[in-house]
Each structure stands twice: as C-alpha cells, then as structure tokens.
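Me: I am new to this structure. Could you show it to me and take my questions on it?

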Amino acid sequence: MRLEDIKIQNEVPDVISFINNLFDSAIQENASDIHIEPTRLFLLFRFRKDGDFLLKHRIWLDNSSAIVTRLKVMAKLKIDENKKPQDGKIVYSSERLSQTIDIRTATLPVTYGEKIVMRILKQDATNISLESVGFYEENLVKVREVLKSKYGIILVAWPTGSWKSTTLFSILKNFNPLEANISTLEDPVEYDMEFINQSQIRPDIWYTFASGLRSLVRQDPDIIMVWEIRDKETAALSIEAALTWHLVLSTIHTNTAAATVQRLINMWVEPFLIASALKMVISQRLVKKICPHCRVKYNLSELMRNKLKSVMGDLMDTQDIESLEFFKGIWCDKCSQTGYSWRLAVHEILVLWEYMESYILRETSASEIQKIAMEHGMITLLQDSIVKAAKWQTTLEEAFKLL
C-alpha cells in the first residue's frame, strides 16, 4: 500500500479503543514491531512484519498528545518527560484475542514530537524447544553434544532482531530446572519460565550485567544466562564463571561465528582463557519463509546453478546439486501479495574442538578461523539457508542476500 492511499484521520474519539485495536491488529498480523512516527502534519503508524514495513494509519498530528500519553501511562513512563528517550514495558491483555503479551516500548524525541517503537514479545515459552528453532540436522547434533558440558561458555552471535532470545531460551529449556540451579540476567525479561530464577537488570540503579554476574556466582548456580556481553568487564566475568565449573550462556554482537573469537580478544580477554572456556558459537540470521499457499516450482538460470555449485560444492556432489528443486511465492491474499509468510532462522555453528585451540592462542584472523572450521565440517549461514531453500522453506533469492 502506498502512503497516499492511506487517508489522514482527523481525530481519534476513543484513544483507548484505538490503541487496543492497534495492538490486536499487530498480534493478528504477526507483526514484530509497531512504529509511531510524527511528521510535520500527521502521525504515521507502521508495522514491521517479516522484516518489511506495512503502512497502517495516518492520523492528524493534533491527536499526538493523547496517543503518546496513553502509551506512556500503559508503559509506566513519565508523561511529562519529552526531552529525552525513555524505555518501558506494556503488559497487554487482549479481550478479543484472549491472550496476554508484553510490549517493550521505547520513546525518542524527534523534530515534530516523540517517536515510539514497540516490540511485541510473546510471554508463552511453552512451544520453544531446540527443534522449534530450526537447526539443520547436523547442527542440532552438534548443539546437543556441546550441551552435555558441565562448564564453559556458549554464545549466540547476532544482529538486532534475529530471534536470539528464542534460541537462548530453547537452550535453557533443554535442561530440567528442578535438577539444576538456573539463573538469568535479562534486559528485559521476555519469557516467564517456571523454576528458573530470572532477574531484570536496572542500570539506572547500577544493577548491571557485571554487578549482577558477581552476585549470581554467589548463588550456587549450575547454569547462568547473561542477556548480552556488552563490555570488557562482563566478558571477563563470564569467562571466569565458565572456567569455575559453571555453564554460561550469552549473546554477543558479531557478524559471523568466527568473528566472535576476535571480538572477545578486542575486549581484552586473554586468548588462553578463550581457548579454555569457549565451547560453541551459534551465529544466527533470519530469512523470509515462502508462503505455503502460493509457492510454485521454478527453473534456475545457468548463472544461479553455477553460484549454487560454488557454494555447496563442499557439502554435496555435483549430481545432487543438479537434482535440487526450488520454489518461490507468486503472491496471494494469504501473504498480502508478498510471496512470503513469516520468517525462519538460519545458523552457522562453530564448535571449539581441541583442533581450534592453537589457532586461538596465535590470535588467528576471523577469516582464517572460518576457513579452518569449514574444513572441519562447519556449515555456513549461506549453506544452511540454501539447504532450507532446497526444502522449500525459503527462496534462493533470500539465501543469497546473506552474501
């Protein structure tokens, strides 16, 4: 839908009903985020769905104060503070949909008012599991093997919005919380998990990941989940905990699994500590999923076949590559004329077996570690996405966007 096709609404007579309907619509459409952006004349409402934006409403700017105030009240933010950003959380119970969700809310002062972005978080972790994450069969075997470890650190490497929390909690659910002491430090607490000690960090009162981690190790933990390694202090404490007979799970901002080693070194973690503590890195991305209602088989061009052979030659014989079939969506009402419906995760899993220790000690470059890991059977993000395209879950076009 084009912007000019959306009529500007002059007023919102019932703000409460409008916001409730906005939330219900976002939930029904499986949107991941709601954006409310003030322009010179109107408030623009957009949903992010499957990574793309859908234009929803244009409302005259005079209604901005009432809408923003209502959302701030729901998120327990200061309604008289509009000069600096604020973060909060809305717990929304939908009467129409009979479900409760958390909505992480962030405000930002901009030229014509305050921009609001809301991330929709589902509270229910019942259906989360290692199988539901979508690991390729060989990768799932590797993950299960590493999770037998009693100590060490496991990292999920991610860009923003790649479902890292789903992967982390699927790993946590692999353990029985009644047979182990499991504690987490989160920002925010996204899923309510029974018998797991979940703690919300509060930087405003100096309760940070680092200070929380110091307290957690005095709580007799078996498994610790730290939401994110952001700085040198948290990295050092996480490695120290991993080396003192604790299993530590966390996330880190890197583009590839191999780059994670260099990232830790750049945080001034000694290579010999990394070699001793780091067990596994899971690099994760999202690709769009083909709409199951309008997908059709299509023939690849010679150029695409050659690209396929160059990427998959390490995993498959040429004859097997030639026999692969691929699908794409041709657009329908079920997928809002996009050819895609929802998203799925693709992975690159680097297991730090003994052969990798000498390379880490020599501070080998990320590209060299990547090459060595591939020689030992690591499946890259691109290869994993192509495998899923061959299973008709996504398209080759989506896969090659990861290049």
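Predicted model: local features only at pLDDT ≥ 70, side-chain atom pairs only at ≥ 80, totals over all residues.

Me: How do the axes of α1 and α2 lie to each other, parallel or perpendicular?
Reply: Helix α1 covers residues 15-28, and helix α2 covers residues 64-74. Their axes come within 10 Å and cross at roughly 70°. Angles from 65 to 115 degrees count as roughly perpendicular. So α1 and α2 are roughly perpendicular.

Me: Which residues of α2 make the contact with α1?
Reply: The crossing of these two helices, α1 and α2, is right-handed. From α1 come Val15, Ile16, Phe18, Ile19 and Phe23. They meet Ala66, Ile67, Arg70, Leu71 and Met74 of α2.

Me: How many charged residues are in the contact of α1 with α2?
Reply: Arg70 of α2 is part of this contact, and Arg counts as charged. By class, the contact has nine nonpolar residues and no polar ones. The number of charged residues is one.

Me: Are α6 and α7 roughly parallel or antiparallel?
Reply: Helix α6 spans residues 209-216, and helix α7 spans residues 232-243. Their axes are 9 Å apart, at an angle of about 20°. Angles under 35 degrees count as roughly parallel. The two helices, α6 and α7, are therefore roughly parallel.

Me: Which residues of α7 make the contact with α6, and how many residues of the contact are charged?
Reply: The crossing of α6 and α7 is left-handed. On the α6 side are Phe209, Ala210, Leu213 and Arg214, and on the α7 side are Glu233, Thr234, Leu237 and Ser238. The residues of this contact divide into four nonpolar and two polar, and the charged ones number two.

Me: How many nonpolar residues are in the contact of α10 with α14?
Reply: The crossing of α10 and α14 is left-handed. Leu308, Val311 and Met312 in α10 meet Leu382, Gln383, Ile386 and Val387 in α14. By class, the contact has one polar residue, no charged ones, and a nonpolar count of six.

Me: Is Ile223 buried or exposed?
Reply: Ile223 lies in strand β11, residues 223-226. Leaving out residues up to four places away in sequence, Ile223 touches Leu172, Phe175, Asn181, Ile182, Ser183, Leu247 and Leu249. Its relative accessible area is 5%. Under 20% counts as buried, so Ile223 is buried.

Me: Which residue does the side chain of Thr364 reach at 2.7 Å?
Reply: Thr364 sits in the loop between α12 (357-361) and α13 (366-375). At 13% relative accessibility, Thr364 counts as buried. Beyond four places in sequence, its contacts are Gln262, Tyr359 and Ile369. The side chain reaches, at 2.7 Å, the backbone oxygen of Tyr359.

Me: What is phi of Glu363, and why does Glu363 count as partly exposed?
Reply: Glu363 lies in the loop between α12 and α13. Its relative accessibility is 43%. Though Glu363 is not a glycine, its phi is positive, at about 55°.

Me: Is Ser98 buried or exposed?
Reply: Ser98 is in the loop between β5 (86-94) and β6 (99-110). Its phi is near 55°, a positive value in a residue other than glycine. The relative accessible area is 65%. Over 50% counts as exposed, so Ser98 is exposed.

Me: What separates the C-alpha atoms of Leu3 and Leu44?
Reply: Leu3 is in the segment before β1 (8-9). At 31% relative accessibility, Leu3 counts as partly exposed. Not counting residues up to four places away in sequence, Leu3 touches Leu44, Leu55 and Arg58. Leu3 and Leu44 are 41 residues apart along the chain, and their C-alpha atoms are separated by 9.3 Å.

Definitions and conventions. Residues numbered from 1 in each chain as written. Heavy atoms only, no water. Helix = DSSP H or I, 4+ residues; strand = E, 2+ residues; numbered from the N terminus. Buried < 20%, exposed > 50% of the residue type's maximum accessible area, 1.4 Å probe, protein only. Polar contact = N/O pair within 3.5 Å; in protein donor to acceptor, adjacent residues only side chain to side chain. Contact = heavy atoms within 4.5 Å. Axes fitted to C-alpha atoms, helices over the stretch in contact; angles between N-to-C directions. Parallel < 35°, antiparallel > 145°, perpendicular 65-115°, else oblique. Left-handed = near helix turned anticlockwise from the far one by under 90°.
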